[in-house]
Amino acid sequence: MEQRNFSFYIVPTPIGNIRDITFRAVDILNKVDIIACEDTRITQKLLNHYDIKTKCISYHKYNERERIDFFLNELRNGKRIALVSDAGTPMICDPGNVIIEELNKNGFTVSALPGACAVTTFLSQLPRNNEEFTFIGFIPRSEKQIEEVVQKYLRNNLVFYESPERILKTLGIIRNLRGDIRVSIGRELSKLYEEVKTDTISRLLEHFKNGIRGEIVCLIYADENPETAELEQKISILKSKGFKDKEISVILSTLYNKKKNEIYKRLLDM
Ligand code: SAM
């Protein structure tokens, strides 16, 4: 039984296993007058599975603005609407922003249901030494932008979504920048070929050397010793630009006011 009625509900749907939906989400999807969904064919499969007969209207990133008047009119006429995306939680790398902003402006009540989401499903099974993480959605595509974002969050546990076509290349770029650090990859969570692996980038690249399939979420661990992280990052950059080990030792020992052989030793350890 709902304690209170809202005009608009944000309803998470499964990220793989069709049974990962709450009783309450099914109730709400049954009870509302309209389900706004990214791809009506995808949502219809879920609705058929749970024998939900509610009408679906498409709402995706290409028609977000043009649907607003329709939804606002329906709500003014006392109808109730639920928003779903193709998978997981709407608004987490999925459409919803435009309509929520308009609902807030127009004074309609909104309630989000808790539910499936790839980031939280992934993080909830990874040991971490603190609660902090930064989620950036999909990592940018170009090498330069990847470098910028990794550099920006050097001291954070960085979580991102990435496509299976790009993830191995992206890991290579991160290794050039941060060295052979430990990362976690979650693949096909809650599905038949679910796999979560935590290892150094080199060992993960070896593990996935024949390619990687499915949906992917990745965590790059923050370095617990930021100074070491920064130093190793500079070493990696200078190495990738073709500097010799001895030259790197001279440059970094001057910049960081350290002994040359201390840098040289770290260089050899990497
Ligand atoms: N709204 C979704 C959520 O709550 O996680 C995310 C939508 S975003 C468009 C889709 C991306 O989420 C995929 O490309 C993948 O990176 C990640 N993802 C979704 N389902 C996943 C799964 N079962 N396993 C791993 N990653 C997943």
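**Close-ups of the ligand site**

View 1. A backbone N or O atom of I15 lies 3.0 Å from a nitrogen atom of the ligand. A polar backbone atom of A118 is 2.9 Å from a ligand oxygen atom, and a polar side-chain atom of E215 lies 3.4 Å from a ligand nitrogen atom. Polar contacts here are pairs of N or O atoms within 3.5 Å. The protein covers 89% of the 570 Å² of accessible area that the ligand has on its own (Shrake-Rupley method, 1.4 Å probe). This is a predicted model: local features need pLDDT of at least 70, side-chain atom pairs count only at pLDDT 80 or more, and totals for chains, interfaces and linings use all residues. Residues are numbered from 1 along each chain as its sequence is written, and side-chain values use heavy atoms, leaving out hydrogens and water.

**View 2. The shell around the ligand.** Count 18 residues surrounding the ligand, with T89, I92, D94, Y161 and I216 the closest (a heavy atom within 4 Å). The shell splits into 11 nonpolar, two polar and five charged residues; Ala, Val, Leu, Ile, Met, Phe, Trp, Tyr, Cys and Pro count as nonpolar, Asp, Glu, Lys and Arg as charged, and the others, Gly among them, as polar.

**View 3. The domains behind the shell.** Domain 1 (8-116) and domain 2 (119-220) each give at least three residues to the shell around the ligand. The assignment, automatic or from a database, also lists domain 3 (226-269). Between the centres of domain 1 and domain 3, taken over C-alpha atoms, there are 52 Å.

Note on methods: A polar contact is a pair of N or O atoms within 3.5 Å; within protein, one must be able to donate a hydrogen and the other to accept it, and residues adjacent in sequence count only if both atoms are side-chain atoms.
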